Amino acid sequence: MTADSSTAVRQRDGVAVIDVVGDVNAGAEDSLETAWAQATVDRPEAVALNFTGTGYINSTGIALIVGLIAKARARGLPIRAFGLSPHYREIFEITRLADFLAISPDEDTAVHGMGESTDG
Amino acid sequence: MTTLTGSLRRRFGRTNALARVPAATAVADSDEVPPVDIAANDPLLAFLQSANGPVDVEALELDSPALAELKLAGVKLAVPLVSQGELIGVLNLGPRRSEQEYSTDDRKLLDNLAAQAAPALRVGQLVRQQQAEARTRERFEQELEVARLIQKNFLPRELPELSGWHVAAYYQPAREVGGDFYDVIPLADGEVGFVIGDVTDKGVPAALVMAATRSVLRAFAQRLTDPGAVLRQVNEHLCPDMPEKMFVTCFYGVLEPTTGRFRFANAGHDVPYVKTAEGSVELRARGMPLGLMPGMSYEEKELVLHPGDSLLLHSDGIVEAHNPAREMFGFPRLMAAVAEYPGGADVIDRVLSDVRAHTGPEAEQEDDITMVTVQRSASSRDPERMLAEFEVASVEGNERLALDRVAEAVAALDLSQPRLDRLKTAVGEATMNAMEHGNSYREDQPVRVRVLHGEELVHVLITDRGEIPQVGTAEEPDLEAKLAGLQTPRGWGLYLIKNMVDEFREITDADGHTLELTMRLGGDDDR
């Protein structure tokens, strides 16, 4: 399938922000892997996933995010998310992703670590 | 005279004494002569009928083929055998062995013998005649029983239970079983075929043609979707083997229970009626009866049966039922009855009662009577309406097509944004599940999606070719186990579906494997 997603990595106040644009599905796997490697190469304070530009996340996308959380936990790296629509926020809660990935309402909050999950 | 008794027994064994009078022939010096039948219009017959005692054949002058034959056979004396004024046979005698003429005493003796033998002979004839008639009746009854059995075995044993519909049928063969038949055929995609037909002729021949028609129609109904095409093919198959002067009238319609859409074609059968809110409507479509000639085409029409509408298929045993004045029940009466009476099984009872009132209670049913009614429920709980039906190829990513089309289909419904989003996610996941697990991502095996609008709810049915239930075998996702590497990171699909919709059901049947998602309209958005 063609990839309908792209990622970009930027640093902000010691936090690596991964902008996830488009669909988070099987087609996003390579892009997310690359972005993760790029985001974590300089040992950031935390990684924040920006879903503002994301329109669709399916169960394969959830599995990819689970993979990122697992990697972050392995490194003791806080992982955060922001820009989720109410629907995907609900899905993150139903799947308990929200227990391991701090969901922030916006980028500022995410970068400054407010509202961080205690379990994360 | 020696062969007289034997000849009498043999000759008078025949039963056609009234039309052709057999003449027992006993001729001296010739024990066996050909029997002589006297034709009904032969003047000899009238002569013997009125003769007073034995008749001297040689002296008789008549323009009679039978007389010539008797003379040729050497018959000298013909003794009429008369019982109750009716000539039932003739005793023919050849020359006496003594070569003397028959004396007056001989003739008197023979006359007395004939007077005594004739009634006994008549009794014997009547007994034989009755025995033969009894055998004929028995054969006829046996044939009727065979015809009844064939008919009975080729009629549906039970009628389908269709949600939101009531189907009823009545079939009563006449004593001489006719060729009526009806059928209800489950088809693909939940559609149902309804058939009513009538074979010309009666008894076993009609029953056999009926059985053949039904079987051929059933086979084509499964292969072709258009009723007109089905009848065309049935006609092509029946034509070569149809007995002379026989044909089949047949109406065939296909109902889509979810929408009420009814497509039909008619091969010269009596026009069915639909009771609607506005009155009776005739379902007319042009087409020749089946089996008459090949290459026929059948016009196809359609209508929607709305809630409360009731379709009546019927056979000519109703409209052609006569009253004592030989007036037929007729189409106008039946059409008026359909408009006036409640639909469904009620109309069957009421029409039967009207037909009996028309013919008189003692009248024997002239022809088979068959009625099938298909009524759409008028209750507040309407049957579901199909909003969309489509297929997507089993190609990774195509779940987006499915969820977008479902969203489009339900756009006009009272579904809040959060609930619409949940439905879309569930549809996407169910479609992925179907493409991957049901169809192994084989592009030539599409996933079928149907969107149905019922009362206060929407149903989405997603069907794949898989035959194995998946829900029971799926592992409940445990995020901690996944993060610990004890479970695959994947496996969220069914979990998401279950949590996104109000109800979730897995169906495995002949159509394949279906996930049925139910979302109530105007439901609570809070979680």
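**Figure 1. B:Lys245, in the loop between helix H6 (227–238) and S9 of chain B.** This is a predicted model, like everything in the views below. B:Lys245 is not a glycine, yet its phi is positive, at about 65 degrees. How many C-beta neighbours does B:Lys245 have inside 10 Å? There are 7, so B:Lys245 counts as exposed.

**Figure 2. B:Ser440, in the loop between H11 and strand S17 (447–454) of chain B.** Here is another residue to check for its backbone angle. B:Ser440 has a positive phi of about 50 degrees, although it is not a glycine. B:Ser440 counts as exposed because it has 12 C-beta neighbours inside 10 Å, and 12 or fewer is what it takes to be called exposed.

Figure 3. B:Pro205 sits in helix H5 (residues 203–223) of chain B. Is B:Pro205 buried, exposed or partly exposed? With 16 C-beta neighbours inside 10 Å, B:Pro205 comes out as partly exposed.

**Figure 4. B:Thr259, in the loop between strand S9 (248–256) and strand S10 (261–267) of chain B.** Which residues does B:Thr259 contact, leaving aside its neighbours within four places in sequence? They are B:Val304, B:Arg385 and B:Met386. While you have this view open, look for B:Leu452 too: B:Thr259 and B:Leu452 are 193 residues apart in sequence, but 9.2 Å apart in space, C-alpha to C-alpha. B:Thr259 has 16 other C-beta atoms within 10 Å, so it is partly exposed.

**Figure 5. Helix H3 (residues 65–72) of chain B and its buried residues.** Pick out B:Ala66, B:Leu67, B:Glu69 and B:Leu70: these are the buried residues of H3(B). They line one face of the helix, because they fall within an arc of 160 degrees when you look down the axis of H3(B). An α-helix has 3.6 residues a turn, so residues three or four places apart point the same way. Just after H3(B) comes B:Gly74, with a positive phi of about 85 degrees.

**Figure 6. Helix H1 (residues 29–40) of chain A, with a buried side and exposed residues on the other side.** H1(A) has 12 residues and reaches 16 Å from its first C-alpha to its last, close to the 16 Å expected at 1.5 Å a residue. The buried residues of H1(A) are A:Ser31, A:Leu32, A:Ala35, A:Trp36 and A:Ala39. Why do they count as being on the same side of H1(A)? Because they cover an arc of only 130 degrees around the axis. Go to the other side of H1(A) and you find A:Asp30, A:Thr34 and A:Ala37, which are exposed. The cover over the buried residues of H1(A) includes strand S1 (5–12), strand S2 (15–24), strand S3 (46–50) and helix H2 (59–75) of chain A. For orientation, chain A has 4 helices and 6 strands, and along the sequence they run β-β-α-β-β-α-β-α-β-α. Of the 120 residues in chain A, 46% are buried.

**Figure 7. Helices H10 (residues 399–409) and H11 (residues 417–438) of chain B, where they cross.** Two packed helices are described by the angle between their axes and the distance between the axes. For H10(B) and H11(B), the axes come within 8 Å and cross at roughly 145 degrees. The crossing of H10(B) and H11(B) is right-handed. From H10(B), the contact takes in B:Glu399, B:Arg400, B:Ala402, B:Leu403, B:Val406 and B:Ala407. The H11(B) residues in the contact include B:Leu420, B:Leu423, B:Val427 and B:Met432. Sorted by class, the contact of H10(B) with H11(B) has 8 nonpolar, 2 polar and 3 charged residues.

**Figure 8. Where chain B touches chain A.** In this view, 20 residues of chain B are in contact with 24 residues of chain A. Which elements of chain B give two or more residues to the side that touches chain A? They are H10, H11, helix H12 (479–483) and helix H13 (493–500). H11(B) gives the largest share of that side, 6 residues. By class, the side of chain B that touches chain A has 7 nonpolar, 5 polar and 8 charged residues.

Note on methods. Residues numbered from 1 in each chain as written. Chains lettered and ligands numbered in written order. Predicted model: local features only at pLDDT ≥ 70, side-chain atom pairs only at ≥ 80, totals over all residues. Buried ≥ 20, exposed ≤ 12 C-beta atoms within 10 Å, placed from the backbone. Axes fitted to C-alpha atoms, helices over the stretch in contact; angles between N-to-C directions. Left-handed = near helix turned anticlockwise from the far one by under 90°. Contact = placed C-beta atoms within 7 Å. Nonpolar A, V, L, I, M, F, W, Y, C, P; charged D, E, K, R; others polar. Expected span 1.5 Å × (residues − 1). Arc of directions from axis to C-beta.
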